[in-house]
Amino acid sequence: MLNDPIPPHVDPRKLADRGVTLEGSLPLSDLERLCDPLSDNVGTVQAKFVFERDERKAVVIHSHLDVEVKMVCQRCLELVTLPIHSECSYAVVKEGANTQSLPKGYDVLELGEDPLDLQALIEEELLLALPIVPAHHPEECQQPAGTDEPEPSEDEVTRSNPFSVLAQLKRDPNV
Ligand SMILES: [Zn+2]
């Protein structure tokens, strides 16, 4: 099942009636807008979509997406391979329908009579899942030779605090 291609267009209402799970893959290079911020378009998106009707008979889709992408680390400017995982729940509603009564935690997916463009949905969801500032894990990040450590951002200072406190405790023989 895992290597089946993901159909580009589906009718989520029919699939939900049958309780279908679609599982498959598609080449990263098919998603042009997603590849734009990436360093290359080599890779495969693994996608799983569970279609069902909830207790209120609304059509819902649960997505699970996985892909490895290559981006430029903003700390050392070398390539970094980043595993991207995204899960979402969508509630399918008619165009212009009242969405106020929808349960929380669902993204609203307005759909008229046209089939759902599954490929566009995958692309949109993965674009949102990309890191805003791609970077290596600090321990794996190689500073280019001869350059100074960049000023740590406020965020990093906060995160490193518990460790410096710990280091001080360890240095104190009375603790
Ligand atoms: Zn790096």
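Q: Which residue in the turn between strand 3 and strand 4 has a positive phi?
A: Start with the terms: helices (H or I, at least four residues) and strands (E, at least two) are DSSP runs, numbered from the N terminus. Two strands pair if DSSP finds at least two bridges between them. Here strand 3 and strand 4 form a hairpin with 5 residues between them, and K57 in the turn has a positive phi of about 70°. K57 is not a glycine. This is a predicted model, in which local features need pLDDT of at least 70 and side-chain atom pairs count only at pLDDT 80 or more, while totals for chains, interfaces and linings use all residues. Residues are numbered from 1 along each chain as its sequence is written, and side-chain values use heavy atoms, with hydrogens and water left out.

Q: Is K57 buried or exposed?
A: Buried means under 20% relative accessible area, exposed over 50%, and partly exposed in between (1.4 Å probe, protein chains only). K57 has a relative accessible area of 60%, so it is exposed.

Q: How many bridges join strand 3 to strand 4?
A: There are 8, and the two strands run antiparallel. Among the facing residues, R53 has V59 of strand 4 as its bridge partner, and F51 stands opposite I61 in strand 4.

Q: Which strand is joined to strand 3 by 7 bridges?
A: Strand 2 (residues 21–27) is, and it runs antiparallel to strand 3 (residues 44–53). T21 has V50 in strand 3 as its bridge partner.

Q: How many bridges join strand 4 to strand 5?
A: These antiparallel strands are joined by 14 bridges. One of the pairs is H64 with E87 in strand 5. Strand 4 and strand 5 also form a hairpin, with 6 residues between the strands, where L77 takes a positive phi near 65°. L77 is not a glycine either. Its relative accessible area of 60% makes L77 exposed.

Q: What are the protein donors of the zinc ion?
A: Donors are N, O and S atoms within 2.8 Å of the metal (3.2 Å for Na, K and Ca); water is not among the atoms, so sites may look incomplete. In this model the protein donors are C73 (SG), C76 (SG), H136 (ND1) and C141 (SG), which lie 2.0 to 2.3 Å from the zinc ion. Along the chain they follow the spacing C-x2-C-x59-H-x4-C. C73 belongs to the loop between strand 4 (59–72) and strand 5 (79–94), and C141 to the loop between helix 3 (118–129) and helix 4 (154–171), so this pair ties together parts that are 68 residues apart in sequence.

Q: Why is the arrangement around the zinc ion tetrahedral?
A: Four donors count as tetrahedral if all angles lie between 85 and 135 degrees; four count as square planar and six as octahedral if opposite donors are over 155 degrees apart and all others between 65 and 115; anything else is irregular. The ideal angle for four tetrahedral donors is 109.5 degrees. The 4 donor atoms here subtend angles of 102 to 126°, and the arrangement is therefore tetrahedral.

Q: Are C73 and C141 buried or exposed?
A: C73 is buried, at 0% relative accessibility. C141 is buried as well, with a relative accessible area of 13%.

Q: Which residues have the most contacts inside the largest nonpolar core?
A: In soluble globular proteins, nonpolar side chains tend to be buried together. A nonpolar core is a set of buried Ala, Val, Leu, Ile, Met, Phe, Trp, Tyr and Cys residues joined through side-chain atoms within 4.5 Å. The largest one here has 38 residues, and F49, V69, I122 and L126 have the most contacts inside it. Strand 4 gives the largest share of this core, 6 residues.

Q: Which residues is V69 in contact with?
A: Contact means heavy atoms within 4.5 Å. Apart from neighbours within four places in sequence, V69 is in contact with L28, L38, V80, T81, L82, I84 and L130.

Q: How many helices and strands are there in the protein?
A: The protein has 4 helices and 7 strands. Their order along the sequence is β-α-β-α-β-β-β-β-β-α-α. Of its 175 residues, 32% count as buried.
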